[in-house]
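My notebook is open, and here is what I looked up.

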Protein chains: 2
Amino acid sequence: MKSLSEEQKSHLKNYLNEKKALVDKALRAHFPDAGGPAADVIKAMTYSLFAGGKRLRPILCMTSTSVVGGVDDDVIPIACALECIHTYSLIHDDLPVMDDDDLRRGKPTNHKVFGDAIALLAGDGLLTEAFNLMTADSFSGSIPEAVLLKVIRLIARASGYQGMVGGQVVDIQSEGKNLDFPMVEYIHKHKTGALIRASVLAGALAGGGDTDQTDALGRYGEKIGLAFQISDDILDVEGDSAIMGKGSGSDEKKKKATYPALIGLRRSKEIQTGLVDEAIGTLTQFGDRAETLRLIARYIIERKK
Amino acid sequence: MKSLSEEQKSHLKNYLNEKKALVDKALRAHFPDAGGPAADVIKAMTYSLFAGGKRLRPILCMTSTSVVGGVDDDVIPIACALECIHTYSLIHDDLPVMDDDDLRRGKPTNHKVFGDAIALLAGDGLLTEAFNLMTADSFSGSIPEAVLLKVIRLIARASGYQGMVGGQVVDIQSEGKNLDFPMVEYIHKHKTGALIRASVLAGALAGGGDTDQTDALGRYGEKIGLAFQISDDILDVEGDSAIMGKGSGSDEKKKKATYPALIGLRRSKEIQTGLVDEAIGTLTQFGDRAETLRLIARYIIERKK
């Protein structure tokens, strides 16, 4: 695979910034300034929500929608909901009873700032709010209600014990153990892959994609979801901790189950490249309309954080 | 208010047992036997789900539906979802970083059996599963999709930072502090009242209730929700710990904000009785059809656990 050209990089950077701004604006509008008796949990929720996330899942959702002819406005609440779910998973994952991390994206983790109890509840609040967002009165008009119900179900399944939560369970139970390759693949596909796949698929469904289109985009999402987690593993070994905003080598310290730990860096990169190639291969039917999805797939390998 | 007669008690007991069996059967059918890599989280979820809950919220939902002419089958997935949300809130509430309770309904709490990390994830899994349940393919046919979206939204708002999570935040922050009465009322209305109100209202909406009917049932739910939490406070002072399955007097030990602590037992009981009277007062338009809701309202005061 060729590296992204400077022109492609610049185009993609502008695109990602523009979409990120849309998501940030919608999230800011949705969450009130913290007030009232429960102000601290609102502060804690928005602290992590605006702690510098890339908005990858929302952007994938919006981009996927555009590929099948939908527009951003149609899926902004779904995109915001995906970011709420992602953020909740990070807050709970960082808690002392889970990974016990002090830093996330260069900032103190939620519980370091607000304490463990409020962090726990902020996570609960964000997860719950995702489903409030997707069912907002203002929103149900633009997407057929039956499709919206399908999207909610898809996202719930990808986030719950059959998806992300299931992956986190196996991940936390695997620390310090010798795992075989199928188990590490299971963790990656569930803990990270499932919600990324759901983000792409939700955009495709909400944008009115037909079965052929949603099948193809679902496969794309599955491939880049796994590739993304492998690139996280690789960045943890090779990455610049100043750019990443967390210490590199932390997976090794915690004896986390990673691709590099199990099959080495070189083989991990080969698998990752293969997945991105396969992801791009699923997009043929969309022609030029899927160009941004191709760039995003390639960006996943080249990113530095 | 008169006490329930023996005949009423017996009728209500049979009714509650019959509806509880329906909910238990549906929950058993929905959750698989624990298997696969994430088996432990399924075990942990079902451990708490089948640890002897009264199924009050599901039963309120089904009973409310019947009052407006709906049938149990229409709302079973919503009823199960309400129980999942309630159970998740108990698991998280019992965690060491929250109330740090060892016993719940006479059994070891989730984290005592499965460890803190799995208990946290089991709670996350149950909350998420609630939204999978309510959007199941098999289900969307029986309730108009627009109504189902409204129900999901209502339940999400009642459970999140504007509802239950908000109440838990203030509750946890209030331990050991001197709270004023409005703040204790806030905690009770949000931590417990919001989901009970939502249970009644969800049943009314899903059963096809008109605005007058849903308004009345929403008020009923609000009143009994608050009365239920006050009765919990009173049971903690007066209750028989063998019957309740947890130590009595635990609120006092933890310096929890309760009605009895703030305004005394006698005044608490007066307020509780007033709320149940008001709740019953909202049901006039339904005549005999609402008789079970009246009995449930009165049962809330007389219950021993």
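I began with a rule for contact: two residues are in contact if their C-beta atoms, placed from the backbone, lie within 7 Å. I am working with a predicted model, in which local features need pLDDT of at least 70 and side-chain atom pairs count only at pLDDT 80 or more, while totals for chains, interfaces and linings use all residues. Residues are numbered from 1 along each chain as its sequence is written, and chains are lettered from A and ligands numbered from 1 in the order in which they are written.

**Entry 1: where the chains meet**

I counted 43 residues of chain A in contact with 44 residues of chain B. For the elements, I took helices (H or I, at least four residues) and strands (E, at least two) as DSSP runs, numbered from the N terminus.

**Entry 2: how the copies are related**

I laid chain A on chain B with a turn of 180° and a shift of 0.0 Å along the axis, and the RMSD came to 0.0 Å. The two copies are thus related as by a two-fold rotation axis. The superposition is by least squares on the C-alpha atoms of residues with pLDDT of at least 70 in both copies.

**Entry 3: buried or exposed**

For burial, I call a residue buried if 20 or more other C-beta atoms lie within 10 Å of its own, exposed if 12 or fewer, and partly exposed in between, with C-beta atoms placed from the backbone.

Is A:M134 buried or exposed? I put A:M134 down as buried, because it has 31 C-beta neighbours inside 10 Å. A:M134 sits in helix α6 of chain A. Leaving out residues up to four places away in sequence, A:M134 touches A:P77, A:I78, A:A81, A:L148 and A:I152.

A:S5 lies in the segment before α1 (6-30) of chain A. I wrote A:S5 down as exposed, because it has 9 C-beta neighbours inside 10 Å.

**Entry 4: two arginines with positive phi**

I found phi of A:R105 near 50°, a positive value in a residue other than glycine. A:R105 is in the loop between β1 (103-104) and β2 (107-108) of chain A. With 15 C-beta neighbours inside 10 Å, A:R105 counts as partly exposed.

For B:R55, I noted phi near 65°, again positive in a residue other than glycine. B:R55 is in the loop between α2 (39-49) and α3 (56-67) of chain B. With 24 C-beta neighbours inside 10 Å, B:R55 counts as buried.
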